[in-house]
Amino acid sequence: MRFFKYAAAATLLATAPLAAAQQLSIATGGTGGTYYPYGGGLAELIGNHIEGADAVAEVTGASVENMGLVWRGDSDLALALADTVYQAYNGTGDFEGRQLENIRALASIYPNAVQIVTMADSGIESLSDLEGKTVSVGAPGSGTELNARALLEANGITYDDFDPRRLNFNETADAIRDGDIDAGFWSVGPPTSSIMNLATTRDIRLIGLTQEEIAKAREAEPVFAAYKLRAGLYEGMDEAVQSIGIPNVLAVSSEMDEELAYQITQVLFEQTDELIAIHPAANDTTVEFSVESTPIAFHPGALRYYEEVGAEVQDHQRP
């Protein structure tokens, strides 16, 4: 965070004689996930490639909170899970009765994977084995908790069946390491630093899902898709693990300037190598993935870019 603020300050000083740079805030998540480093990389792209603009990545409670930040104008851009964005846009689920009509998408940037982690010797080998255990379901207001609840309830497991703890990624890893909880959920772009660090100090197991469990989850949440966590993703992970994935959306307000939205979208897809150097999740940041996965309307500035590059935009993605 300090680096990005210093970088922004340096750019402001450099351009001060001409005009003050527009300072943009990017709502991300906790420091132990993918949102924060990805958002920091995006901030660098904006500062390096968009004249008159600078950006800073802000630590937040992630998806649900981020929608409110953009809606209120407290943040200019936000990273959020597709199901959260869809619910906010349509006023369903956790946003029942409070539709955030001004939410728009610039892009879907990479898929999250639901990762359920436990100690290798815990005896927990399936979703049903979580019953009666102490389990972190993610930080309050996070997309992880929304995904965990949807996956569990679709398969007949409620919070009454275990002891739920609402911890962020780093807290979840520490609690597993210290034996304070039995397992934890992550919904994040793999690999993620908090699980990587845990795997270097403890023998862990990632809990796989059956085809039936995946089918039930997709019936409950259509934005879910089968996703396989590759072997070797984390230290000691010798075999691939079947799970589910959810796209991540870069969201803005409909009130964002059209030209600025266009330029951010353009930089995102045409300077992707700089993002990949910061986090491998950006390997999935492509125009094709975005138009295939985004569940809500694009901002007009983003739509202009997609049309310029000949992407096939879906009807529901047009304002």
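Let me begin with a convention: when I say that two residues are in contact, I mean that they have heavy atoms within 4.5 Å of each other. The structure above is a predicted model, in which local features need a pLDDT of at least 70 and side-chain atom pairs count only at pLDDT 80 or more, while totals for chains, interfaces and linings use all residues. Residues are numbered from 1 along each chain as its sequence is written, and side-chain values use heavy atoms, with hydrogens and water left out.

With that convention in hand, I start at Thr 172, which is found in helix α6, residues 169–178; helices here are DSSP runs of H or I with at least four residues, strands are runs of E with at least two, and both are numbered from the N terminus. Thr 172 counts as buried because its relative accessibility is 0%, where buried means under 20% relative accessible area, exposed means over 50%, and partly exposed lies in between, with a 1.4 Å probe and protein chains only. Setting aside residues up to four places away in sequence, Thr 172 touches Ser 136, Leu 167, Ile 181, Gly 184 and Trp 186. With one of these, Ser 136, the contact is also polar, side chain to side chain, at 2.7 Å; a polar contact is a pair of N or O atoms within 3.5 Å, where within protein one must be able to donate a hydrogen and the other to accept it, and where residues adjacent in sequence count only if both atoms are side-chain atoms.

Now to helix α8, residues 211–220, in which Glu 213, Ile 214 and Ala 217 are buried. Those residues cover an arc of only 100 degrees around the axis, and therefore lie on the same side of α8, the arc being that of the directions from the helix axis to the C-beta atoms. As a reminder, an α-helix has 3.6 residues a turn, so residues three or four places apart point the same way. On the other side of α8, Gln 211, Glu 212 and Glu 219 are exposed, whereas the cover over the buried residues includes α5 (143–154), β9 (225–229) and β10 (241–253).

I turn next to helix packing, and to α2, residues 35–49, whose axis comes within 10 Å of that of α9 and crosses it at roughly 110 degrees. Axes are lines fitted to C-alpha atoms, for helices over the stretch in contact, and angles run from 0 to 180 degrees between N-to-C directions. The two helices, α2 and α9, are therefore roughly perpendicular to each other; by convention, angles under 35 degrees count as roughly parallel, over 145 as roughly antiparallel, 65 to 115 as roughly perpendicular, and the rest as oblique. On the α2 side the contact is made by Tyr 38, Leu 42, Leu 45, Ile 46 and His 49, and on the α9 side by Ile 264, Val 267 and Leu 268.

How do α9 and α12 pack, at what angle and with their axes how far apart? The angle is about 50 degrees and the axes are 7 Å apart, and α9 and α12 are therefore oblique to each other. Residues making this contact include Glu 258, Ala 261 and Tyr 262 of α9, together with Pro 300, Gly 301 and Tyr 305 of α12. The buried residues of α12 are Gly 301, Ala 302, Leu 303, Tyr 305 and Tyr 306, and they pack against β4 (103–119), α9 (258–270) and α11. Gln 266, which lies in α9, counts as partly exposed because its relative accessibility is 25%.

His 299 is buried, with a relative accessible area of 1%, and its side chain reaches the backbone nitrogen of Gly 301 at 2.9 Å. Beyond its neighbours within four places in sequence, His 299 is in contact with residues including Arg 104, Val 252, Asp 257, Glu 258 and Ala 261.

I close with the backbone. Most residues other than glycine have a negative phi, and most peptide bonds are trans. Ala 62, however, has a positive phi of about 80 degrees although it is not a glycine; this residue sits in the loop between β2 (53–58) and α3 (63–72), and Ala 62 counts as buried at 13% relative accessibility. A cis peptide bond, with omega about -5 degrees, joins Pro 190 and Pro 191, and Pro 191 is placed in the loop between β7 (183–188) and α7 (193–201).
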